[in-house]
Structure formats: C-alpha cells, structure tokens
Amino acid sequence: MSIVVKNITKLYGKQKALDDVSFEINTGKVVGFLGPNGAGKTTMMKIITGFVPQTTGEVWVNGLDISLHSIETRKNIGYLPENNPLYSEMYVKEYLSFVAGLYKLGKITKFRISEMIEKTGLKEEQNKKIGELSKGYRQRVGLAQALIHNPNVLILDEPTSGLDPNQIVEIRNLISDLGKEKTVLLSTHIMQEVEAICDKVIIINNGRIVADDLAKDLHLHTAEKYQTIIVEFDKNVTIDLLKSIKGVIKTAKLKDNNWLIQGDINEDIRPNVFNFAVKNNLTVLSLQKKEKSLEAVFQELTK
C-alpha cells in the first residue's frame, strides 16, 4: 500500500474536523477524494503531506510512518495545495529551479525543469514572471513543482481549478498517465473529472468516510429500490403488455419506442425483456442498464 490512513482524528479546539478516518490506496491508482466544502478533504491532505499534525491516528506513506519519518516521506510526495501558493515575482524557470534546489536534484535539475515544462504545457510561458500568468497557467506551474522531484505519491487539491476545457483535458490525460506508475490522490468538485480518470472514489462528509469503493461500484452505497433499464423496440408496444414481463414493477414511455422499465433490485430483468421481445416478434434495438450518476450518489451520501 502506498498510503495507509488509520483512525485519523483531527481536533481544532473542540471542533472535530476529522473523525476516525481510515482508508488505503494502492500504487498505480488514481483516487478521487470527494466531499462538500468543510467536509475535511483539505485537512486530510495536509496531514498526509505532513503540513498539519493529526490529533490521533497514524498515516504511512510508502511504508513509513509520517510522524516518525517526516523528511523522508516528504521527499516521496508531490503536493499541489488548493490555493497553489507561488512566488509571483519569480520567472517560471527560475521558480522551478528554486524548487529543484530544495529537493537537491543537482545535475539533473535542467533536465527535470525542461521535462516538466514540456509535460505541463508551459513552453510558451516559461520565460514569463509567474505574476503575469493566467490562473490556468499558474495552476500548471503548481503541477510542475509537485512533479519535479519525481515523487511516488501525488496529492492534488483541485488540480484543474481555473483551467479552460482544453487545458482540463490535457491535465486529466497527464494525471491518468502518472497514475499508471504513481499513487495519485486528488480532490475535485468536478464529477466528470472523477468519472474520467479515477479508479477508486472516497467520499467524506462531516469528517467521516461515507463511501470507499471502485468508481463503478459506488452506486451500491445508496439505497436503490429498483433495477432500471432503458430499452428500445423496433415497434410500439402497450404498457399492459410490458407489465406482463416477469419481474417488471414499473414502466414508463420515454419517446417513440423507448421505454424505461424497473424491476426488483435483486433480479436482472434484462433476459426476461429479451425473451419477451422474441415471443412477441419484436426486435430489441438497444438495451441499457441505467446506473445512478456519480453526482446523484454524491448528493445522496452527503445531503
């Protein structure tokens, strides 16, 4: 496991920001860390990166306890904070050289700067002062500094904040590529981003984990009453005829010959629908099982 969080609690006076939080993340995974504002996401990220101490509990990064090996674990973590603090009077290449110096990269400094400028799309802006850059390009500089020492673990707090749609796609692709060999924990409010690049999702609410699962299985954490499918036939059928299908509870016409059919959550009704079509000389043009959207799951778990 690259990151192991065990029974973390964080108190600010009497206020409990994190309440007995535990989770594990494997190497080579991109994990979305979701939650409403004030849920505890940023606090948890700051604890993992060693910027804020926990009140109780333990965190290991690459097998090292961060409380006992603070410097060593920080060498293996790349961190992009939510507010992305940068030195606005420094030039892009100058700033990256400064960060490389902090990590003591030595002879490979120039190579790593060039590589990061290329990877994060800063080539046209590399000779400008950071203060002259748009918010999107400043975000790219923040990503470059998080990556420059080639860390095994990346903690990214809102990594695509301020980017335009084309830039968002580029950074998503970069994060996906990085996730093949590194551990990436990213916080975001953009559900499409999570669906596009995350293998696993952790949802936190009021300081407690409310879901921790593969992105494709997250809907299992909600109280679904029905299995829902959408089917299109080549000809019109009646509601009464559809209700005769074994396991069907509700039906509703969407448009033309498209139907929404609901059945028992514990029984797959798709074979029954297909057999019904064959029996009634109908052709099934499309048959799709409808899952809850990530946005709907998020709202249900954090409302």
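This is a predicted model: local features need pLDDT of at least 70, side-chain atom pairs count only at pLDDT 80 or more; totals for chains, interfaces and linings use all residues.
Before the structure itself, one definition: buried means under 20% relative accessible area, exposed means over 50%, and partly exposed is what falls in between. Lysine 16 has a relative accessibility of 45%, so lysine 16 counts as partly exposed.

The side chain of lysine 16 meets that of aspartate 19 in a salt bridge, with an N to O distance of 3.7 Å. In general, side chains of opposite charge can pair when their charged atoms come close. How many salt bridges does a search of the whole structure find? The search returns eleven.

Two others are on my list. Lysine 128 pairs with glutamate 125, and the closest N and O atoms of that salt bridge are 2.9 Å apart. The two partners fall in separate accessibility classes: lysine 128 is partly exposed at 34%, while glutamate 125 is buried at 12%. The other one joins arginine 270 to aspartate 268, with 2.8 Å between the closest N and O atoms. Here arginine 270 is partly exposed, with a relative accessible area of 29%, and aspartate 268 is partly exposed as well, at 34%. Some bridges also share partners, and in that way Lys16, Asp19 and Arg208 are joined into one network.

Is glutamine 227 buried or exposed? Its relative accessible area is 3%, so it is buried.

Next, helix 9, residues 270-279. Its buried residues are Asn272, Val273, Phe276 and Ala277. Viewed down the axis of helix 9, these buried residues fall within an arc of 140 degrees, so they line one face of the helix. What covers them includes strand 11, helix 8 (239-243), strand 13 (258-264) and strand 14 (284-290). On the face of helix 9 turned away from the buried side, the exposed residues are Val278 and Lys279. Just after helix 9 comes asparagine 281, with a positive phi of about 55 degrees.

Helix 10, residues 294-302, can be described in the same terms. Which of its residues are buried? They are Leu294, Val297, Phe298, Leu301 and Thr302. Seen down the axis of helix 10, they fall within an arc of 110 degrees, so these residues too line one face of their helix. Among the elements covering them are strand 3 (30-34), helix 7 (191-197), strand 9 (200-205) and strand 10 (208-214).

Now the largest pocket. Its volume is about 740 Å³. The lining is made of 24 residues, and those nearest the centre are Phe51, Tyr79, Leu102, Tyr103 and Gln145. Which elements give two or more residues to this lining? They are helix 1 (41-48), helix 2 (70-75), strand 6 (77-80) and helix 3 (92-102). Helix 3 gives the most, with four residues. Sorted by class, the lining has 13 nonpolar, six polar and five charged residues.

Last, some backbone angles to check. Lysine 104 lies in the loop between helix 3 and helix 4, the latter being residues 109-119. Its phi is near 55 degrees, a positive value in a residue other than glycine. Lysine 104 is exposed, at 76% relative accessible area.

Aspartate 20 is found in strand 2, residues 15-25. Its phi is positive too, at about 55 degrees, although aspartate 20 is not a glycine. With a relative accessibility of 39%, aspartate 20 counts as partly exposed.

Note on methods: Residues are numbered from 1 along each chain as its sequence is written. Side-chain values use heavy atoms; hydrogens and water are left out. Buried means under 20% relative accessible area, exposed over 50%, partly exposed in between (1.4 Å probe, protein chains only). The arc is that of the directions from the helix axis to the C-beta atoms. Contact means heavy atoms within 4.5 Å. A salt bridge is a side-chain nitrogen of Lys or Arg within 4 Å of a carboxyl oxygen of Asp or Glu. On a 1 Å grid over the protein atoms alone, a cavity is a set of points where a 1.4 Å probe fits but cannot get out, and a pocket is an open set with protein on both sides within 12 Å along at least five of seven lines; lining residues have an atom within 4 Å of a point. Grid points are joined across faces, edges and corners, and a volume is the space filled by probe spheres set on the points. Ala, Val, Leu, Ile, Met, Phe, Trp, Tyr, Cys and Pro count as nonpolar, Asp, Glu, Lys and Arg as charged, and the others, Gly among them, as polar.
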